[in-house]
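I opened this notebook to keep track of what I looked up, one topic at a time. Come along and follow each entry on the structure itself.

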Amino acid sequence: MRILLSIFGVLFLMAIAGGIGVLAIFWHFGQDLPDYTQLENYEPEVMTRVHASDGALIAEYAREKRVFVPITSIPHVVVDAFVAAEDKNFFSHPGIDFASVLRAAVTNVVNMGTGKRPVGASTITQQVAKNFLLTSEVSYERKVKEAILSFRIERAFSKEHILELYLNEIYLGNGSYGVAAAALRYFDKSLDEINIEEAAYLAALPKAPSNYHPVRNHDEAKARRNWVIGRMLEEKFITEAEAQNAWASPLIAKERQSVDTYRADFFAEEVRRQLVDRYGENMLYDGGLSVRSTVDPRLQTIADQALVEGLVEYDRRHGWRGPITNIDLADDWQQKLREVETPNDLPWDKAVVLRVSAEEATLGLLSGKQGRIPLRFLTWARPWKEGQKLGAAVNSPSDVLSPGDVIYVRHFAELDGEELPPNTYGLRQIPAVNGALVAMDPHTGRVLAMSGGFSHDMSKFNRATQARRQPGSAFKPFVYLAALDQGFTPSTLVLDAPFVIDQGPGLGKWKPGNYSGKFYGPSTMRLGIELSRNLMTVRLAQTIGMDKVADYAQRFGVVDDMPQVLSMALGAAETTVMRMTAAYAQFVNGGKKITPTLIDRIQNRRGEVIYRRDERQCAECQDVDFRNQMPPELPDTREQLTDPASAFQMVSMLEGVVERGTGRRIRELGYPLAGKTGTTNDSRDAWFVGFSPDLAVGVYVGFDDNRSLGDQEQGASAAAPIFKQFMGDALKGTKAVPFRTPPGIRMVRVEARSGLPARPGDQNVIWEAFKPGTIPSSNDNVIDGGDAGYSGVGAEGNTGGVSSPGGIY
């Protein structure tokens, strides 16, 4: 008995000593541990997604591909699978599963010397402690710290919160963090669509994701999945029948395809820049924002196509600059062709010229197949010469191409109704010129489409928002609008005659001219805008004052702080396509101020709206039972920039530009359209900005290095065709809607040249818009710009120090 008591005493003392030792170890390693309380408000790094207006995905921004899902939204089958596979006693242990630790210790002792990997016994809580607060270092010290933190985490947080952290943070292979991202990556499903066998596969991944790839390691992955299914059955999470059905199911991974994705590179990049400016890079890449943008995929597709084809058409008018490169055909030309780097977003194929005959060039394609380019598809490719001029005519394919030339080609099945041989291609080249197109809702400022250049892969520079260029005559409507607000009418006569102004000491004299080089005498303001008369515009600006012109330029958002010199009236101040499009939109919306916007709404990771474009409040819109009542009227909070009647008169005059003026090539579309061409000195910039009643569009074409587009190029030839193609496709199938006439406007039939009410027998008659009391009975007064610096009709005789704009029109 005494011996037995002695043994118990020794054991008791050993237990006390062991306990003291454990406490000492916990006290020692428990010092300076990471602050586990930070996990209470921990938000894992989650990708930001940008969607089009119809919900299509256009961009994702993330450092780690993770989708955060609250524990309340994670299906029970997923929770059960991970608990069964990773920590069957999760809901009952205090952070450490002592039974599992003992079992693992015995197993490791038995396996000593066998070369088998040691068995672990980490709980889900321990994995949270390691993943969030510690490193992955393999050491006893780290394991002790992990155990201490696990106890503390269990005391501080609920089991549900710990699971939420774990299931959203864990790495499951292929760049997927968290169960939601993994479900999308492996099965192209959202979590609520996952079944038992798929949940079991996800739960099989944490130990070694790379060892259980569903394709590369299919058999191992399926065996591991089936083991998890067995564990779920053993823990009674599923029935025998469910287990049998899950075991029998094949393991089939599915690439992510169901998400409706859409490519809008320039638009998405501009949205990214705005998000960074608003929230910073950390919020963009880690914050899990859901961004609903304004882009309309249909219109964006039309915009991209119209801009690309318009730039290509301009480029073809100015000749062939040669192949991409030349390769040796002696060896494996297909491999060499594959190694030639080209942008990924071009709408063409890459090919190499194999042979050249008198009738055609024979091509080798990446697929190994051969094609042909007939001589008639090469006649456009005359050699490019300095100054956008053309070299000699093409009489043979050898005048353009040589064997080994690597080129871009486009396949043609038919041309102008003629069916072509199946291997027929046309020669293409990347335009040296570039441009931009913006389309927006004129009533809200929502940007519906934006193309910032020919290829985003080649250049991320967005010419719609970042390129500051002179608008030329596209600026003139703001001079005319200022005049209309001062009491002038579209029938007001303005003198079209030579004009010279002294610019000040040492600056010489400025002598603008019309593009035609001619003078037309007194002409109506309507004619001045329709035919883009420079001299009339300068006289009008001189009369109303450049201070007012500068005010309207700033008021409509064209340019800030514009210098108050007369050359600015002809569009010499730099602006962007985005600003010009928004400015024109404010003509057609009745003179209401709008702000261009690319984002409708932003939600945070929990679905809470943190930004909304439309900030108007509508109490009557909340919790409404629909009983066929009329919708509530929202207040119109837009600032009124100009008299709505003046805005409509400007719309009517710009409609005349399309009907009879410099934009008349657009008239054949058959829709009510209005707009204005613009071309700057030496034809460096070409513009067309215009609108339908519900769509405003701006187009710009020019070289990035600001060189001339060529002597014969102008807004009507380079930019207007792009506007025409876009509007034709955008409005196809819609009903022609006339421009909306505001109250007070009276439409009167007038003789076009005099602007006076039409009389019987007048031939050249148009409808003109007048404000009340402004219909002219006679037209004796002619605006000549006053005498400030004006030298009169004979001013061209004063040649000393006279400078000319060289054709801003």
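Before the first entry, a term: I say that two strands pair if DSSP finds at least two bridges between them. Helices (H or I, at least four residues) and strands (E, at least two) are DSSP runs, numbered from the N terminus.

My ground rules come next. The model is predicted, and I ask for pLDDT of at least 70 for local features and 80 or more for side-chain atom pairs, while totals for chains, interfaces and linings use all residues. Residues are numbered from 1 along each chain as its sequence is written, and side-chain values use heavy atoms, with hydrogens and water left out.

**Entry 1: the sheet around S25**

I began with an open sheet of 5 strands, paired antiparallel in the order S17-S16-S26-S25-S24. Strand S17 (447-451) and S24 are its edge strands, each pairing on one side only. Direction ignored, neighbouring strands are turned by 5 degrees against each other on average.

Which strands does S25 pair with? On one side I found strand S24 (residues 674-679), antiparallel to S25 over 6 bridges. Gly675 has Gly690 in S25 as its bridge partner. The hairpin of S24 and S25 has 5 residues between the strands, and Asp682 takes a positive phi near 60 degrees there.

Strand S26 (residues 695-702) is the other partner, running antiparallel to S25 and joined to it by 8 bridges. Here Ala686 is bridged to Val701 in S26. I counted 2 residues between the strands in the hairpin of S25 and S26.

Is S25 buried or exposed? I call a residue buried under 20% relative accessible area, exposed over 50% and partly exposed in between (1.4 Å probe, protein chains only). In strand S25 (residues 685-692), 8 of the 8 residues are buried, so the strand is largely enclosed by the rest of the structure. Asp685, Trp687, Val689 and Phe691 point one way, Ala686, Phe688, Gly690 and Ser692 the other, and all are buried.

**Entry 2: helices on the sheet and a helix pair**

For contact I use heavy atoms within 4.5 Å. Axes are lines fitted to C-alpha atoms, for helices over the stretch in contact, and angles run from 0 to 180 degrees between N-to-C directions.

Helix H13 (residues 297-316) lies across strand S16 (434-440), S17 and S26, at about 30 degrees to S17. Helix H22 (residues 720-730) also packs on the sheet, where it touches S16, S24, S25 and S26, and its direction makes about 150 degrees with that of S26.

Next I looked at helix H9 (residues 218-234) and helix H10 (residues 240-248), which pack at about 175 degrees with axes 10 Å apart. That makes the two roughly antiparallel (the word is for angles over 145 degrees; under 35 is roughly parallel, 65 to 115 roughly perpendicular and the rest oblique). Among the residues that meet are Ile229 and Leu233 in H9 and Ala243 and Trp247 in H10.

**Entry 3: the cores**

A nonpolar core is a set of buried Ala, Val, Leu, Ile, Met, Phe, Trp, Tyr and Cys residues joined through side-chain atoms within 4.5 Å. In soluble globular proteins, nonpolar side chains tend to be buried together.

Which members of the largest core touch the most others? Of its 93 residues, they are Met562, Phe587 and Phe691. Helix H19 (residues 577-588) gives the largest share, 9 residues. I followed Met562 and, beyond four places in sequence, its contacts include Phe475, Met546 and Met568. A second, separate core has 56 residues, including Val83 and Leu167.

Ser293 sits in strand S5 (residues 290-293) and is buried at 0% relative accessible area. I noted 2.7 Å between a polar atom of its side chain and the backbone oxygen of His51.

Val609, in strand S23 (residues 609-612), is partly exposed at 36% relative accessibility. Between Val609 and Leu289 I found 320 residues of separation in sequence and 9.8 Å in space, C-alpha to C-alpha.

S23 runs antiparallel to strand S22 (residues 599-603), with 3 bridges joining them. Arg601 has Arg612 in S23 as its bridge partner. Their hairpin has 5 residues between the strands, and Gly607 in the turn has a positive phi of about 85 degrees.

Notes. A polar contact is a pair of N or O atoms within 3.5 Å; within protein, one must be able to donate a hydrogen and the other to accept it, and residues adjacent in sequence count only if both atoms are side-chain atoms.
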